[in-house]
Amino acid sequence: MSKFYRFELAFDGQPQGVGFLQGLEDTGLPKSTTDDIYHEFDLLPAQTLEGPSLPAFFFTDTGLDRFGAALDRIISELDEINWQLLGYIMEDDLANAIYYDECQAAFDREHLNTSTAGDPISSVAEIRREEEIH
């Protein structure tokens, strides 16, 4: 079993049901800021998948480590405009993923079994501390 990490947007504490890469440009951040943030994720091998349903992408441990600083930047930028990043953790087997690489895995939404309720996070380090506690 591996751990996977998903981040979705919330406005004023209300979940928006969309991953941060899909909805960041709808948050009201300046276009130059969102473009700069998107650029930090250019190295992700597959940012979209074709199929009948929209899969949910999660970071692997490697992806969380590699993109942690960019995620922390997003958290900081969103905080200024009353948006939050919600964090979800899921334990699963890569065999259940419809796509995976070193940094991310995608799962059918029907398959999702997250162990967290999507709490607002203040930093990637906070997620790592929570893991150590549990």
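**Entry 1: aromatic rings**

I looked up the ring cluster first, working on a predicted model. Ring pairs join Phe 7, Phe 20, Phe 41, Phe 59 and Phe 67 into a cluster. I then took the count of aromatic pairs, which comes to 10.

I examined the pair formed by Phe 58 and Phe 107. Their ring centres lie 5.8 Å from each other, with 85 degrees between the planes, and the arrangement is edge-to-face. I noted where the two residues sit: Phe 58 belongs to strand E3 (residues 56-59) and Phe 107 to strand E6 (residues 104-107). The pair thus links distant parts of the chain, 49 residues apart. I checked accessibility for each partner. Phe 58 has 2% relative accessibility and therefore counts as buried, the cut-off being under 20%. Phe 107 is buried as well, at 0%.

**Entry 2: salt bridges**

I searched the whole structure for salt bridges and recorded 8.

I began with Asp 35 and Lys 31, whose closest N and O atoms are 2.9 Å apart. Both residues lie in helix H2 (residues 31-40), and their spacing of 4 residues corresponds to about one helical turn. I found Lys 31 exposed at 59% relative accessible area, whereas Asp 35 is partly exposed at 38%.

Which residue forms a salt bridge with Arg 128? I identified Asp 61 as the partner, with 2.9 Å between the closest N and O atoms. Arg 128 lies in helix H4 (residues 124-133) and Asp 61 in helix H3 (residues 61-79), so this bridge ties together parts that are 67 residues apart in sequence. I recorded Asp 61 as partly exposed, at 33% relative accessibility.

**Entry 3: a salt-bridge network**

I next inspected Glu 77 and Arg 73, whose side chains meet in a salt bridge of 3.6 Å, N to O. Both lie in helix H3, 4 residues apart, which is about one turn of the helix. Glu 77 has 24% relative accessibility and counts as partly exposed; Arg 73 is likewise partly exposed, at 24%.

Technical notes. Residues are numbered from 1 along each chain as its sequence is written. This is a predicted model: local features need pLDDT of at least 70, side-chain atom pairs count only at pLDDT 80 or more; totals for chains, interfaces and linings use all residues. Side-chain values use heavy atoms; hydrogens and water are left out. Rings of Phe, Tyr and Trp (its six-membered ring) pair if their centres lie within 6.5 Å; planes under 30 degrees apart count as stacked, over 60 as edge-to-face and the rest as tilted. Buried means under 20% relative accessible area, exposed over 50%, partly exposed in between (1.4 Å probe, protein chains only). A salt bridge is a side-chain nitrogen of Lys or Arg within 4 Å of a carboxyl oxygen of Asp or Glu.
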